[in-house]
Amino acid sequence: MKETVELPSAPSVRFRSNPMLAYMENVFDQRLKKPYTSVSGAIPLEHGVTLSAAVNRRAEVEGVARDILQLVRDKQLRYRDIAVTVRNIEAYGDLLSGTFKDMNIPHFFDQKRTVMHHPLVELIRSSMEVLLNHWKYDAVFRCVKTDFFLPWTNSADRAGGSEHPRVSRHAMDQLENYVLAFGIQGSRWYDGKPWTYSLRASLEQPEAGSTESEAAMLRLMNQCREIIARPLIAFQEKMRRSKTVQDKVQSLYELLTELKVPDRLESWSQTAVQAGQPEQAREHAQIWDRVMDMLDQLVELMGEETVSAETFAELLETGMESIRLGLVPPSLDQVLIGSMDLNRTSRIKHMFVLGVNEGVMPSKISEDSIISEQERELLTGFGMPLAESARRRLLDELFLIYCAFCTPSERLWLSYPLADEEGKSLLPSEMIRHVKRMFPFLKERLLMSEPADAMGLTEQLSYVAHPGRTLSYLIVQLKQWMKGVPISGVWWSVYNWFAAHPEWSGKLRGLLQSLLYTNEARALSRDTSRLLYGEHVLTSVSRMERFVACPFSQFVSHGLRLQERRIYRLEAPDIGQLFHAALSLFAEQVVSEGTDWGALTAEDCFVKAESVVDLLAPRLQSEILFSSKRHHYIARKLKQVVGRAAMMLGEHARRGQFVPVGLEIGFGEGQAIPPLSYELDNGIRMDVRGRIDRVDRATTEQGTLLRVIDYKSSPTSLLLSEVYYGLSLQMLTYLDVILTHAKAWLGTDAKPAGVLYFHVHNPLLQTKNRISPEKADEELRKRFKMRGLIRADAETAQLMDGALAGASGHSQLIPVAMKNDGSFYKSSSVADDAQWQLLRQYVRGTIKSIGESMTGGEIGIEPYRMGQEIPCTFCSYKPVCQFDGQFESNRHAVLKPLGKERAMELMDERLQAADKPKGVPFRPARAVQPRAAGVLPGAGTEEEQEVLELELELETLPELKKGENGHDGQNPKA
C-alpha cells in the first residue's frame, strides 16, 4: 500500500509574495475571523487589499478606470492581468462600457449576449407586425431602418449600374416624413395607385399643378415605396397561403433571401473588421446561422402543424429571445469584465470587485416557492429531485464570493457605492465588515465624482489619468475658480499641458467657451442680415407681431425657415383655416345667388354650411376628415359650428346696414390692393402684405364707412395696451390698408367704422331652469357678441345694430352701450376720429421701427411676459432657443397692463417726441456696434474674443504660492 502524501495548504504558491491574500483565503470559511498580524508584527507597507467607498456608481467606475490606468502606467502591468467582476451586471454594464471606452481601456465583457437588438431580428419581428397590424407606420419603418431594404449591389452589380442609384437612407428618411405628413398606412401601400399627395397653400384655391422639383420628389417617393412594398407584398401573399409552420418558415426564408440578408451580413462583418470592431463583426457573422438553427428547430418540432400568423409570430419571438451569442475575446491584452456567477478567471494579478453592497453580495435569496424549506429537505430525503434550496443557494453565493476574492495573486480591490442613481442611500455588504475585521489597519478611501479643494496632492493627481477625462475635470475646476473658489496648483499645470499640446489645445479652447456660455443670441452683422433677408423684404403683420413677442422666434421661423415635422392630425390651425374658408365660400355663394344673407332662415344656414364644408373637407389635410369614424364625427360638429356662425352673421345682416364689400381680400404685389411700403432708414425696402377676412361697407351722409371683421376660432379682444407694445397690430394695419387705398379700390375715400373679431363657435347654453326659445336666442347673441373697437359715433353704432336706434342700453352684437342722449357708456370700446388717426399713425411708425430692428440683425432670445401670458407657451422653437431662467441673459421682458386711456396717452407721447425712439416701447432698436480697434489678435467672433480675454486673465495670474500639499503652482500658459 502506497503512502499518502499531503501537500501543504498554506502558503499557496500564488500568494507566496502576498501574505494578506493568503491569510484571507485560509480564514474565509471561518465564522469569527481573527485580525491579521504579520510575522514581524508590523503593519505591512504594501497592502494586498484596497477598500473604496464611492458617492455613486459612476464615481466608483471612474475610480476603477483611473486605478487600472495607473497600474498599467506605473506598475508595468498588462491589461490581461486585470479583471473586473460585479454581482449585478445590469447596474454596471453600461457604465463600465462607456467609461472604459472614454479612457481607451481595452476590455471584453465575458457574457452571452442577446440578439434582440440586431437588425436581422428586428427585420423578422417588424415584418410580421406589418402583416398583423395592417401596414401601420411604426412597423413599416422599423423594417426600413434595419437597412435591409436599401438597394444592394455587389461588385458585379456595380459594374453594370445600380437599379435604384438615387435611393439612399436619406431618401428613406424623406419617405418617412412624407408618410407621416399624409397619414399613409394600410392598403395605400399596395393598392397600386401612385402617390400624388401634396400640401395646399389655401383651401379656397383649387389644387394647382406641381412644380418640377415637387414632381421629382414624388417620383422619388414612389420609387422608395416600390422598393419597400414589393418584397413585403410578396411575403404577405405567401403567408396568407401558408397554413403549416413549415410553409410559413419557407415564406420567411424567401423574404430574407430576396432581401439578400446573408450577403449584407457578410459585407457588414467585413466593414466592422476594417473599422476595428471585431466584436460587432463576429456578431454579424454568427447571427445568420443561429437564426437558421432556430427556424430548423421550429420545422422539426412543429413542421406539419397548422398555426395562425399571430401564433407563428409569437413562436418566432420566443425562439429569438432564447438565442444567445458567445463571443471569443478578440484580443489577448484586454481587461476582462464579467458577472461573478459566470466569470471564471485565472492568473489574474489584480481583481476589482464592484458593488459590494448589502443585498447584492451575497445576493438576497427570495423565498417565493410554494414548498417550504423543511418540505423540500423531506422530499429530497425520499429521493425526489427538486430545485436547490435557499440554504444551498446561499452556500453557492458564498462560494462565488470566495472565488472572486481569492482569485488575484497581488491585489484585491473592493468598492461599493453609497447611493444609487436616484440618490437613495446604499449600505455596504457584510463582506466589507469581514474584511475590515480581518485587516483593521486598512483605511477606506472615498471616491468623489470630481476633485475637491479639500483633497491632498496625491488625491488631486489621481484624477489626472487620461487626457479626455482630465480635460473635463479641468473645466469644472476653472468654473469653480471663476466663482472665486481656490483650486489646487495641480490644475494650472494640467492647463499648461493642454495648452502646450496642439492636439488638445483646440479642444481646450472649445471647452473654455462653455465657461462663458450665456445662451445669448448676438445680433447679426449688417452683411449677414442682408444675405438672410435681402434688400427687399416681403413681410406680414403676424411676422411683425412674432418679432415683438420674441425676436429669436421670428429669426428661426422666417430667417432660418425652420419647420416642425408635419404629422397627419387635425390641429387648431387646420380648424381655423376651415372656418375662414367655409365662411368666405358661404358669403360668396350668397352673393352669387343674389340672396340676402339676413333673409336666410336658420335651417337655410345649416343646409348651406353643410354643403360648403362637404366641398372643402377633401382639401383639408389630405382628406383627414374622411380617415376615421372619429373624424367623421368631428366633421359633423364642424358643420354645426359653421352653420351656427353663419346664422349669427345673418342676424348681423338683418339688424345692420353694413354689407360685405370684399371677402378674403389680399393686399400686396399682384393683388387688388397694393402693399404697405416702407423705405427703412437702413436702406432696405419693406412691403407688408396679407389677407383680410372680410370688409363691410356702409354709405352715410358722413361718407363711406368701412369696417374690418376677422374670424377667430378662439375668443379674441383688441387691447390697446397690446397695440402700444406692438403685440396686436394686425387689425389696425388691415384697416389702415383699406382706408389708404379706398379711393383706388372703391372709387371714393372712406372713414373708419371699426375693427371687430367674430368668434366662430357653437356655444352650449348651461342653465339651471328651462328657458324659452326667445331667451335662448338672446343668450346666443350674447355669446356671439363681437369684440374690437368702434367709431365713437351714434349713427355708426346704429348702422351696425339697428336695435340701438331710439333706445339705450347694451348692444347684443357689438361692444358698445349707449345712453338716452346718444353718448356712450365708459365701458364701450369706442374711439373718436382723432384717436383713430393716432392709432393709424402709431401702428405705421411701429411697423417701420420693427422692420428696422428686424433687418438690423436683432435676434435676441427675449420673450415678453404680461401677467401669466408668455409667447413660449405655444412656441414650437423652445428646443432651439433653450430659454432657461437660470441664465442671467435669459429674462422675460415684463410688460405692465395698461388701460385704454393710458395706452392712448403713451402712444401720443411717443409720436409727439422730438427725437422719436426707435423700436417698440419695451424693445428699443439696437445699433450693431463696430468692433473696437484694440481687438485681440486672432479673435474672429465675439465668442473667440471672450475666450482670448479669459486666456489672458489666466496668463496674468500671480505666481501661486506653495500650498499645503507641498506643490508649487505654476502660471497657466496661453
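N519 sits in the loop between α19 (502–515) and α20 (526–533), where helices (H or I, at least four residues) and strands (E, at least two) are DSSP runs numbered from the N terminus. The phi of N519 is near 55°, a positive value in a residue other than glycine. N519 is buried, with a relative accessible area of 6%; buried stands for under 20% relative accessible area, exposed for over 50%, and partly exposed for values in between (1.4 Å probe, protein chains only). The model is predicted, so that local features need pLDDT of at least 70 and side-chain atom pairs count only at pLDDT 80 or more, while totals for chains, interfaces and linings use all residues. Residues are numbered from 1 along each chain as its sequence is written, and side-chain values use heavy atoms, with hydrogens and water left out.

Two further backbone sites were noted. E664, in strand β11 (residues 659–667), has a positive phi of about 50° although it is not a glycine. E664 counts as buried at 13% relative accessibility. The peptide bond from M361 to P362 is cis, with omega near 0°, and P362 is placed in the loop between β7 and α13 (373–381). Most residues other than glycine have a negative phi, and most peptide bonds are trans.

The secondary structure of the chain comprises 34 helices and 24 strands. Of its 974 residues, 46% count as buried. The accessible surface is about 50600 Å², with 51% of it belonging to carbon and sulfur atoms; areas come from the Shrake-Rupley method with a 1.4 Å probe, and for residues only the protein chains shown count as cover. Contacts (heavy atoms within 4.5 Å) between residues at least 6 apart in sequence join residues at least 24 apart in 75% of cases. An approach between positions separated in sequence is seen at G802 and R655, which are 147 residues apart in sequence and 5.0 Å apart in space, C-alpha to C-alpha. G802 lies in the loop between α30 (794–800) and β18 (809–810) and is partly exposed, with a relative accessible area of 36%.

A salt bridge is defined as a side-chain nitrogen of Lys or Arg within 4 Å of a carboxyl oxygen of Asp or Glu, and the count by this rule is 42. R445 forms one with D67, the closest N and O atoms being 2.2 Å apart. Because R445 lies in strand β9 and D67 in helix α2, the pair ties together parts that are 378 residues apart in sequence. R445 is partly exposed, with a relative accessible area of 30%, whereas D67 is buried at 7%.

The side chains of R844 and D736 also meet in a salt bridge (2.5 Å, N to O). This pair links helix α31 (residues 833–855), which holds R844, to helix α27 (residues 730–740), which holds D736, across 108 residues. R844 counts as partly exposed at 32% relative accessibility, and D736 as buried at 3%. Elsewhere, salt bridges that share partners join E122, R125, E129, R142 and E317 into one network. Within this group, E317 forms a salt bridge with R125, with the closest N and O atoms 3.1 Å apart. E317 in helix α12 (residues 309–321) and R125 in helix α4 (residues 119–132) are 192 residues apart. Both partners count as partly exposed, E317 at 23% relative accessibility and R125 at 22%.

Grid points are joined across faces, edges and corners, and a volume is the space filled by probe spheres set on the points. The search finds 1 cavity of 30 Å³ or more. The largest cavity holds about 50 Å³, and its lining includes D67 and R445. At least two lining residues each come from α2 (57–74), β7 (350–354), β8 (411–417) and β9 (445–447).

The second largest pocket holds about 990 Å³. Of its 39 lining residues, D67, Q70, R411, W413 and R445 lie nearest the centre. The largest share of this lining, 7 residues, comes from α2.

How values were computed
1 Å grid on protein atoms, 1.4 Å probe; cavity = no way out; pocket = protein on both sides within 12 Å on 5 of 7 lines; lining within 4 Å.
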